[in-house]
Amino acid sequence: FSQTPLMVNPALAGTQGTQRAVLNYKDQWGSIGVPYKTYAVSYDMKLLKKKWENASLGAGLYALNDKAGDAELSMTQVSASLSGIVSLNENHTASAGLQGGFAQRSINNSNLKWGNQLQDGSYDPGLSPGETDDFNTPGYADFSAGLAWNYWKDERLSASAGLGLFHINRPSQKWLLSDTERLYVKWVTFGNAHIGLKNTNTSLLPSLLVLQQGPSMEVTIGTMARYQLRESSKYTGNLKGAAVLLGGYYRAGDAFIPAFAFEFANFALGVSYDVNISGLTVASSGRGGVEISLRYINPNPFRKDLPELRRSYF
């Protein structure tokens with residue numbers, strides 16, 4: 001979640017640098033069967049910063065594809081975000097964002113095996129499964145909104161928090177002709193901070209994410225320790241700034257997530273792994289899934305004249 005800003009809150013569009021691009025990949029539950037694979041790409045930018053003294057706009061776009069299991073249960077979604085960012089004073093900014101997009105789900109039941117196809121203990125694909133093949137590929141519009149706040153004291157202390165509201169229109173998930181299931185509204189609350197330790201090159205980056213959707217809730221909390229290896233050279237630009245991050249998160253009742261990241265100039269590469277600790281460990285043996293992210297920010301976050309860019313979402 002630390003590297004998917006537009007999926008956490010639409011108000012985060014345009015809030016870090018003038019341009020930001022992120023690639024994400026996750027492979028989960030390969031230890032149990034056909035893994036869940038998720039791909040995502042996002043881009044956001046700041047607009048009208050030079051025109052307005054204490055305000056700007058942010059615009060962003062993300063695309064997501066997720067495919068799961070033998071049935072190839074899949075979702076593809078493309079969404080655009082627009083935010084308004086206002087400086088309240090020299091330390092505080094606030095932003096509000098709207099997001100709209102289109103998503104489509106699909107399922108492929110040709111690879112599934114059914115109980116009716118078992119005869120005398122053997123599987124016979126020629127037998128009728130006795131199941132409906134009356135599946136739709138539901139497509140739907142999806143709308144979201146969010147509010148965010150950012151506090152900036154200096155390069156050693158900053159914090160952010162926000163509240164996002166997703167699936168405001170409660171889109172229908174119409175798999176069967178008689179199906180009337182609708183998505184629950186999803187509430188997303190996040191908070192993070194960048195706390196520099198005095199007289200060191202080390203910072204702590206605690207963060208919290210809370211998801212609430214219908215009867216389901218997910219809470220993830222943790223921190224990263226960031227050690228700055230070197231600064232960028234101020235005049236020549238020949239020496240590139242670099243930092244390493246190491247830490248972990250806990251997703252309540254589900255997983256412990258060790259994480260590592262390396263920042264170099266405009267780029268950051270992150271890797272994390274879900275170590276499953278829920279009752280599913282009987283089947284998973286603790287093996288959850290690996291996640292990889294690659295982020296680009298412009299201007300260079302290590303620039304000494306723009307220290308406010310150093311706050312990382314890791």
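# Strands, salt bridges and a nonpolar patch

Q: At 7% relative accessibility, does Ser203 count as buried or exposed?
A: The class follows from relative accessible area: under 20% is buried, over 50% is exposed, and partly exposed lies in between (1.4 Å probe, protein chains only). Ser203 has 7% relative accessibility, so this residue counts as buried.

Q: What is the mean pLDDT of the protein?
A: This is a predicted model, in which local features need pLDDT of at least 70, side-chain atom pairs count only at pLDDT 80 or more, and totals for chains, interfaces and linings use all residues. Residues are numbered from 1 along each chain as its sequence is written, and side-chain values use heavy atoms, leaving out hydrogens and water. pLDDT is the predictor's confidence in each residue, from 0 to 100. Here 92% of the residues reach 70 or more, and the mean is 88.

Q: Which element has the highest mean pLDDT?
A: Elements are DSSP runs numbered from the N terminus: helices (H or I) take at least four residues, strands (E) at least two. The protein has 2 helices and 16 strands. Helix H2 (residues 281-284) is lowest at 81, while the top value, 96, goes to strand E11.

Q: Which side chain does Ser203 contact through polar atoms?
A: Ser203 sits in strand E11. A polar contact is a pair of N or O atoms within 3.5 Å; within protein, one must be able to donate a hydrogen and the other to accept it, and residues adjacent in sequence count only if both atoms are side-chain atoms. At 3.0 Å, the partner is the side chain of His194.

Q: What phi does Gly253 have in the turn between E13 and E14?
A: Two strands pair if DSSP finds at least two bridges between them. E13 and E14 run antiparallel with 10 bridges, and Tyr250 stands opposite Phe256 in E14. The two strands form a hairpin with 3 residues between them, and Gly253 in the turn has a positive phi of about 75°.

Q: How far apart in the chain are Arg226 and Glu263?
A: A salt bridge puts a side-chain nitrogen of Lys or Arg within 4 Å of a carboxyl oxygen of Asp or Glu. Arg226 and Glu263 form one, with the closest N and O atoms 2.8 Å apart. Since Arg226 is in strand E12 and Glu263 in strand E14, the pair links distant parts of the chain, 37 residues apart.

Q: Why does Glu263 count as buried?
A: Glu263 also meets Arg295 in a salt bridge (3.8 Å, N to O). Arg295 lies in strand E16 and Glu263 in strand E14, so the pair ties together parts 32 residues apart in sequence. Glu263 counts as buried because its relative accessibility is 3%.

Q: Which strand gives the most residues to the nonpolar patch?
A: Patch residues have over 30% relative accessible area and no salt bridge; like charges are joined within 9 Å, nonpolar side chains (Val, Leu, Ile, Met, Phe, Trp, Tyr) within 5 Å. Areas come from the Shrake-Rupley method with a 1.4 Å probe, and for residues only the protein chains shown count as cover. The patch covers about 550 Å² and includes Phe267, Leu269, Val271 and Ile292. With 3 residues, the top contributor is E15.
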